Amino acid sequence: MRALITNDDGIESKGLHTLAQVAVDAGLEVVVAAPHEERSGASASLVATRSDGRLLVQKAAIGLDVPTYAVEASPAYIAWAAVRGAFGPRPHLVLSGINKGPNTGHAVLHSGTVGAALTANAHGLPALAVSVSAPDPVHWETTASVADRALRWLLEREPRPVLNVNVPDVPLDQLRGLRRAPLATFGAVQADIAEVGEGFVTLTFSEVDVTGEPESDAALQQAGWATITPLSGPAEARECRVDGLVDPA
């Protein structure tokens, strides 16, 4: 089974290398294709460096004997291109991460890590997005262990969903376990406007108090649990009535 490994932290990220190793250890045929530089917050944008339709790709190395490419594009664009054969045969699934910092709550809408996974799923592929709670993680073995567990579960299921996994940066023997969790109202970090000046706007980022949603993904990972949340991509809101707006058939 072929797996594309991508991320939004860039080709040099330790998290990317760790996730690729997890996939290799699971017996998958791995291709790594990741942004040549950080593309955090890219969501599911199909953006590349050039506007002439060319996707700039260079061979790279991450210490594993697998095809590896640095791509001048967003992670979702990379997933989209992989589906169409840009990096060899179409993959059977996409693994995205391991992101430095959590991807929790409805703020996953803005995540390049999750955006790549949802883009793959929109084109018929199962996907796994993995994040670790710290901006400078130390305990990669913990996140790798949870990622391996989630991956092996995903490979045994039909139909295969998109799984969003968040892991606290703690030693493996201090991890409380793995729980399913709903998305928090926003996430673990909130952006705000600090200053509006002449020709510029300054943003600030601060942690969100998640104690009001103790069972959410953001709260549980802060409490020492790894969390897993199945996601789905854009879908029709069937429960929304449009009486009085549309013409009769």
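I'm working on a predicted model, where local features need pLDDT of at least 70, side-chain atom pairs count only at pLDDT 80 or more, and totals for chains, interfaces and linings use all residues. Numbering starts from 1 along each chain as its sequence is written, and side-chain values use heavy atoms, with hydrogens and water left out.

**Sheet.** I traced nine strands in an open, mixed sheet, ordered S3-S4-S2-S1-S5-S6-S7-S11-S8. Strands here are DSSP E runs of at least two residues, helices are H or I runs of at least four, and numbering goes from the N terminus; two strands pair if DSSP finds at least two bridges between them. S3 (57-59) and S8 (178-180) are the edges, each with a single partner strand, so one side of each has no neighbour in the sheet. From one strand to the next, the twist averages 20° (axes are lines fitted to C-alpha atoms, for helices over the stretch in contact; angles run from 0 to 180 degrees between N-to-C directions).

I found S8 parallel to S11 (226-231), joined by three bridges. Arg180 sits opposite Ile228 in S11.

**Helices.** H1 (14-25) packs on the sheet, touching S1, S2, S5 and S6, at about 140° to S5; contact means heavy atoms within 4.5 Å. I see H4 (140-155) lying across S5, S6, S7, S8 and S11, at about 165° to S6.

**Surface.** Which residues make the nonpolar patch? Ile193, Val196, Val201, Leu203 and Phe205 do, over about 530 Å². S9 (189-197) and S10 (200-207) each give two or more residues, and S10 gives the most, three. Patch residues have over 30% relative accessible area and no salt bridge; nonpolar side chains (Val, Leu, Ile, Met, Phe, Trp, Tyr) are joined within 5 Å, like charges within 9 Å. Areas are Shrake-Rupley with a 1.4 Å probe, and for residues only the protein chains shown count as cover. A salt bridge is a Lys or Arg side-chain nitrogen within 4 Å of an Asp or Glu carboxyl oxygen.
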